[in-house]
There are 2 protein chains.
Amino acid sequence: MAFSERVSRLKSSLIREILAAAQRPEVMSFAGGLPAEAMLPKVEWGQMPISMGQYGMSEGEPGLREALATEARALGVPCEASQVLVVSGSQQTLDLAAKLYIDKGTDILLEAPTYLAALQIFQLFGADCITVPLEADGLNLKELRTRLEKNRPAFIYLIPTFQNPSAVRYSEAKRDSVAVLLDEFGVTLIEDEPYRELTFDGGSATPIVSRLKKASWIYTGTVSKTLLPGLRVGYLIASPDLFPHLLRLKQSSDLHTNRVGQWQALQWIGTEKLQHHLSELRDFYRVRRDAFQAALETHFSDLADWNVPQGGLFFWLTLKQPLDTRTLLKAALAADVAFMPGEPFFPEPDNNSGHLRLNFSHIDPARLGEGLKRLAAVVRQAQATQAA
Amino acid sequence: MAFSERVSRLKSSLIREILAAAQRPEVMSFAGGLPAEAMLPKVEWGQMPISMGQYGMSEGEPGLREALATEARALGVPCEASQVLVVSGSQQTLDLAAKLYIDKGTDILLEAPTYLAALQIFQLFGADCITVPLEADGLNLKELRTRLEKNRPAFIYLIPTFQNPSAVRYSEAKRDSVAVLLDEFGVTLIEDEPYRELTFDGGSATPIVSRLKKASWIYTGTVSKTLLPGLRVGYLIASPDLFPHLLRLKQSSDLHTNRVGQWQALQWIGTEKLQHHLSELRDFYRVRRDAFQAALETHFSDLADWNVPQGGLFFWLTLKQPLDTRTLLKAALAADVAFMPGEPFFPEPDNNSGHLRLNFSHIDPARLGEGLKRLAAVVRQAQATQAA
């Protein structure tokens with residue numbers, strides 16, 4: 001059997017195994033990042049023209065590209081519809097970016113921690129993943145400068161708004177400083193914003209790509225967190241120098257994104273109906289976030305530290321007494337609780353022990369307290385064993 | 001700008017340019033491979049459960065996997081639903097296969113000619129494309145053995161039923177012989193069958209993968225030619241040794257295929273409603289094929305040779321007096337006719353002049369005669385110039 005060299009880097013996915021185990025109905029799961037079922041909007045299909053069944057353009061539906069460009073310009077992203085590429089969920093943006101930039105041994109810059117599935121696809125293509133630590137208001141700028149001086153990364157990948165897993169939102173000042181540094185060193189920015197609209201306490205900040213003056217950029221978003229993930233409709237917007245390459249890579253990957261989902265997305269993007277839905281969604285998740293915070297205070301205040309997330313879907317806990325949280329999984333699942341260990345969110349998992357990512361959007365509130373209580377017991381038991 | 005080495009192989013797509021030019025309403029296009037608009041079935045969405053909007057499994061919808069496995073077993077493909085992976089159109093199978101097998105310089109075996117978009121993605125990943133000539137009943141077996149003895153290909157990619165572009169359907173004997181050879185040399189078969197159901201003159205033949213005894217295999221199909229391409233729903237079925245790798249590659253590419261299209265496909269696969277639709281589709285395309293054949297006889301009988309396609313969507317013409325058909329494009333488009341030059345269907349286009357691929361499914365019958373007349377005039381003019 002002669003597979004490609006790349007397949008040797010195709011690891012068994014811990015997440016797949018956790019999520020599979022979490023399917024059992026008795027399991028209280030904090031593991032995934034699923035929207036709450038109750039908040040999936042009811043959608044209508046009756047008016048969809050039959051022509052949406054025909055092959056479409058690789059770029060995406062013209063009307064949807066226009067609508068997405070209008071939304072992005074309102075955020076300060078300088079773009080035309082011709083720079084918008086509709087993709088099969090924003091995960092596909094990462095696949096296309098990997099194809100565009102990564103050979104074996106290509107240096108890239110990432111936040112530590114960073115989005116697990118981004119790490120997987122970048123490593124699959126053979127990237128050398130160099131990290132810059134995240135602080136409460138964004139990247140450590142001194143470390144960023146050092147890395148930019150020392151390495152020649154092909155790009156930097158950032159999730160500046162309610163990052164998965166850390167929930168960090170970059171401050172205005174850090175956004176400005178990051179943009180200045182990337183312009184200075186001419187490094188492409190890939191800015192991933194699935195969670196921008198899931199803000200619970202107001203406040204906002206324009207994307208970092210809108211602050212760049214020279215560097216190339218890819219901005220990517222999705223309807224998966226605001227509308228329906230099952231549509232698999234995401235988008236990227238790219239600086240004009242990158243767009244033609246990304247378009248050809250999209251075409252060779254799957255010809256074009258499904259038009260049925262694109263049509264449905266177009267019924268919502270830019271409408272009052274969507275604003276109303278988002279408002280309800282924020283209210284719903286804020287209540288869940290607050291209940292989660294209260295339950296965490298009860299069960300984890302002696303075990304871990306965390307910041308209250310102002311948006312997104314996750315709490316990121318740092319254990320006061322670190323241990324490899326992957327070793328907790330078996331006991332947790334035996335107690336019918338699932339969570340996501342923090343280690344796999346780092347390129348060097350073994351050097352980054354002691355974090356847990358907990359999703360607050362999907363758990364049944366009636367089982368929240370019991371779930372966190374059991375999880376805390378698992379942590380206590382492991383720490384007692386470790387200390388013994 | 002430091003792109004990956006791979007991007008240097010990302011050619012400007014001739015097809016994209018032709019199809020873009022063919023968008024002008026006055027152009028009579030034989031270029032694409034679009035289903036006839038009139039034959040897109042009317043579909044209902046009213047019964048789709050809202051849960052189809054949630055994230056789904058990377059493998060695909062369980063019910064659809066079962067239905068596809070049942071259909072494949074009826075064709076003789078030995079498989080369970082656990083071997084079925086739903087993909088975002090069968091083009092994605094080629095992307096996943098490229099990721100699984102191809103490093104720079106990996107030898108792979110292809111038919112000559114072969115499907116253009118397969119060639120593009122395999123070359124993008126750096127494959128050395130070795131070809132075996134196609135004859136009227138399938139691969140040249142002597143050449144196949146020679147290539148298998150001389151090279152160590154990672155896989156062979158075949159479209160044995162109404163191939164795009166040649167319309168060749170492999171005979172029973174050739175299917176058997178190819179299977180025996182692949183077993184002997186232990187070479188993986190990727191068998192691509194988008195056109196199996198578009199058969200106009202009856203007759204069938206079981207897939208080559210169903211005849212293998214030892215070799216690994218990937219069988220891939222789509223609903224794009226039978227139902228609605230805009231759904232972007234295809235599938236692959238793989239031998240159990242390959243499946244786990246392909247599943248992880250799918251997950252890292254786009255998490256999962258859109259569930260809306262999967263749900264719609266499930267309303268049709270295995271039903272009498274689909275059989276009825278396919279019967280109408282075959283009748284419709286047979287009439288178009290016959291009309292095209294009659295018009296070709298009128299306008300091209302002195303210029304080219306061809307076999308009447310028994311299925312699929314294309315005529316493959318071989319000019320009696322060869323010339324590089326890419327040089328005809330400008331004059332053809334000036335005369336408001338679009339066609340697909342044959343050269344790009346070969347890894348070495350410059351050594352394979354003199355073929356035209358003509359689509360018969362999409363052209364308005366009222367404009368068919370005029371279109372072929374103009375195209376023949378373009379060929380005659382070029383040959384006269386060449387001779388002068």
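## Exercises on chains A and B

In this predicted model, 67 residues of chain A are in contact (heavy atoms within 4.5 Å) with 67 residues of chain B. Residues are numbered from 1 along each chain as its sequence is written, and chains are lettered from A in the order in which they are written. Local features need pLDDT of at least 70 and side-chain atom pairs count only at pLDDT 80 or more, while interface totals use all residues, and side-chain values use heavy atoms, without hydrogens and water.

**Exercise 1.** Work out how many salt bridges the rule finds across the interface of chain A and chain B.

*Solution.* Begin with the rule, which asks for a side-chain nitrogen of Lys or Arg within 4 Å of a carboxyl oxygen of Asp or Glu. Applied across the interface, the rule finds two salt bridges. Lys99(A) forms a salt bridge with Asp95(B), where the closest N and O atoms are 2.6 Å apart.

**Exercise 2.** Find which element gives the largest share of the side of chain A that touches chain B.

*Solution.* Then pick the largest share, which comes from H7(A) with eight residues.

**Exercise 3.** State how much area is buried between chain A and chain B.

*Solution.* Take the accessible area (1.4 Å probe) that the two parts lose on being put together, summed over both.

Technical notes:
Helix = DSSP H or I, 4+ residues; strand = E, 2+ residues; numbered from the N terminus.
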